[in-house]
Amino acid sequence: MISLHLFLVAIFISTTYSVEVNPKIFINNVECLVDLSTQLVKGECRISLENNDDKPVNYVLYAFEPSIKSHVSFVSVHQVFESNRLSLNVKPVIQPGHEDKQFYQIDFNASRPLKSKSRIPLVVEYILTNALYPHPEEITQKDRQLMMFYGNAYFYSPYNSLKSSVKFQTGTRRIEDYTNFNPVSLSSGDIIYGPYGSLEPFAYSQISIHYDNNSPFLKVTKLTRTIELSHWGNVAVTEVIDLIHHGAKLKGSFSRYDYQRETNSGLSSVKSFKMYLPASATSVYYRDVIGNISTSNQRTLLDSVELDIRPRFPLFGGWKTHYTIGYNVPAYEYLFNSGEDYLLKMRLIDHLYDNMIIEDMTVRIILPEGSVDLDLKTNNAIVRLPDDLHFTYLDTIGRPMIQLKMSNVVESHISDFELKYKFPKAFMFHEPLIVIVAIYILFLTVIIWVRLDFSIAKDGHSETRQRISGIMSAIMHHIDRRSSIFSSWDESLNKLKHSKDIGAYNTAVKQIQADYKNESTSINELATKLKTESVELTEKLNEIQKIEKNLKELFGQTQSLYTDKLITGKVGRNQFVDLDNGLKRKKDECQEKINQLLKSLN
């Protein structure tokens, strides 16, 4: 962030000009109105200028104090004549010997200069950001938010002033303190300094105003806006936003119970705010890292789409949130063309919320693949980063991407940009042809693979081996399943030996017998198929079946030993152990023989 700020400052200095103050220009009267009721400081100065020179003047200068130089975000000037307003060009300049101050050069219309010995009325409007300071810096959930503003009691100008006054509107009657610098008056929350008589250039007397301000103090610390244009009729806009409440920080813990129950709890917090999108916006979504935020509401108005943004939690001082807004608009409303020449004209930034502040903004404009000769025009001072390429679905050479940087952005900076470029008509069919060729190659490959036989001669033995391999794989699978059934039977017998619960055992054995029968039936069916393919393997399988049958009989004898003799007490302990061990040894011998035969089948 610091490096970007220094870079923007360097660009700003490199684009300013050095001018001098004309001492023969003076101000007859000036009335300034400074609005302090929101997080922005909005000023409007009505100035009556007089040219005492012998020749017409093509420009005048407007200055800001060194203390607020870094806070100036927006300046506009209008020339008033016959109840009409003519917008004048304003640009930052450097005044030799006053590098600590911020100067703006106001250029008059060539047909309406400031003539010799004549007067002209001007209206200067400006916006300051981050010029209000929370005092105290931390408050509890129930406290009111107090702000401190440091300003100038005089009108700050490089020219002599004959009469001036400055009025500060706080928007509240709760004013804790203000500098008593005569003449000063307080009325319904408005503090008026002046009128003052003759003032020298750069007259300055610091004043402070400490007052109640519970308006939303929201600031976007980082905004990434992506505008992706498609010649197939759509413009997709995505905005990734990092938002912070930069008012007085919350001291102590947050109580949602008090917040919902008491009306004076969290006066400075922000529950929701409204964002305005183009009237044709569709498919609007609002989500964060968790997912879609369903508490948001959308309302379609005559000239816009109103989106009620409601974060998952109220924002107190120092609290942050991160979210993404996206929507689509039809391309025909913003894209114009004549042959292969195209013009994209749309907003550089949307209205995020009332009295918005954007600390750092990056705008990426992605054009269709094949666009060339890019020419961008904007009304704002921007930093254009090196162009890049953006790759997405079906792209081959990449889509041209223009990247722009702006800082200290407010609502007054909302304006249209114009982007001219050339796009060959042939590229309209670039992506459809890629899809068609890909599908054609896929089907052609399948046809060649399935329909053509690349073998020199048919190999009957190979086909037989494949059939035998398939049958044996299935047989081995069922034999493994049958072995697991014997293991389950063995576990049931062990449980019976310890619990003596003959009912639970009979239930388990019933299922075991059914599973055994199913597996044996499947093996017999596969053995019938195997007999037609390999007599040798069939004989080995029959031998396995015989041993498997003996193994089942041994399990039956073990079952009889447990149920008929052990549980009924017809056999002694030592005799039972001898009989049980004998049966177990025979079962192990059968299992070993089966394993040996299975190895020979592989």
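1. Cys 32 belongs to strand 2 (residues 25-35) and Cys 45 to strand 3 (residues 41-51), so the link ties together distant parts of the chain, 13 residues apart. Strands here are DSSP runs of E with at least two residues, helices are runs of H or I with at least four, and both are numbered from the N terminus. Both cysteines are buried, a word that means under 20% relative accessible area, with exposed for over 50% and partly exposed in between (1.4 Å probe, protein chains only).

2. A word on what you're looking at: this is a predicted model, where local features need pLDDT of at least 70, side-chain atom pairs count only at pLDDT 80 or more, and totals for chains, interfaces and linings use all residues. Residues are numbered from 1 along each chain as its sequence is written, and side-chain values use heavy atoms, leaving out hydrogens and water.

3. For the overall layout, the protein chain splits into domain 1 (25-212), domain 2 (218-251 + 268-428) and domain 3 (460-600). Those bounds come from an automatic or database domain assignment. Between the C-alpha centres of domain 1 and domain 3 there are 99 Å.

4. Have a look at helix 6 (residues 535-566) and helix 7 (residues 573-601), which pack at about 165° with 10 Å between their axes. The axes are lines fitted to C-alpha atoms over the stretch in contact, and angles run from 0 to 180 degrees between N-to-C directions. The two helices are therefore roughly antiparallel; that label needs over 145 degrees, while under 35 is roughly parallel, 65 to 115 roughly perpendicular and the rest oblique. The residues of their contact comprise 17 nonpolar, 5 polar and 7 charged. Nonpolar covers Ala, Val, Leu, Ile, Met, Phe, Trp, Tyr, Cys and Pro, charged covers Asp, Glu, Lys and Arg, and polar the others, Gly among them.

5. Going from His 135 to Pro 136, the peptide bond is cis, with omega near 10°, and Pro 136 sits in the loop between strand 9 (132-134) and strand 10 (138-139). Asn 182 to Pro 183 is also a cis bond, with omega near -5°; Pro 183 is in the loop between strand 14 (175-178) and strand 15 (184-187).

6. Next, some backbone angles to check. Most residues other than glycine have a negative phi, and most peptide bonds are trans. Asn 355 has a positive phi, near 55°, and lies in the loop between strand 27 (341-347) and strand 28 (357-366). Asn 355 is buried, at 17% relative accessible area. Leu 394 isn't a glycine either, yet its phi is about 65°; its loop runs between strand 30 (383-390) and strand 31 (399-410). Leu 394 is partly exposed, at 38%.

7. Asp 360 is buried, with a relative accessible area of 5%. From Asp 360 to Ala 514 you cover 154 residues in sequence and 73 Å in space, C-alpha to C-alpha. Another buried residue is Cys 590, at 12%.
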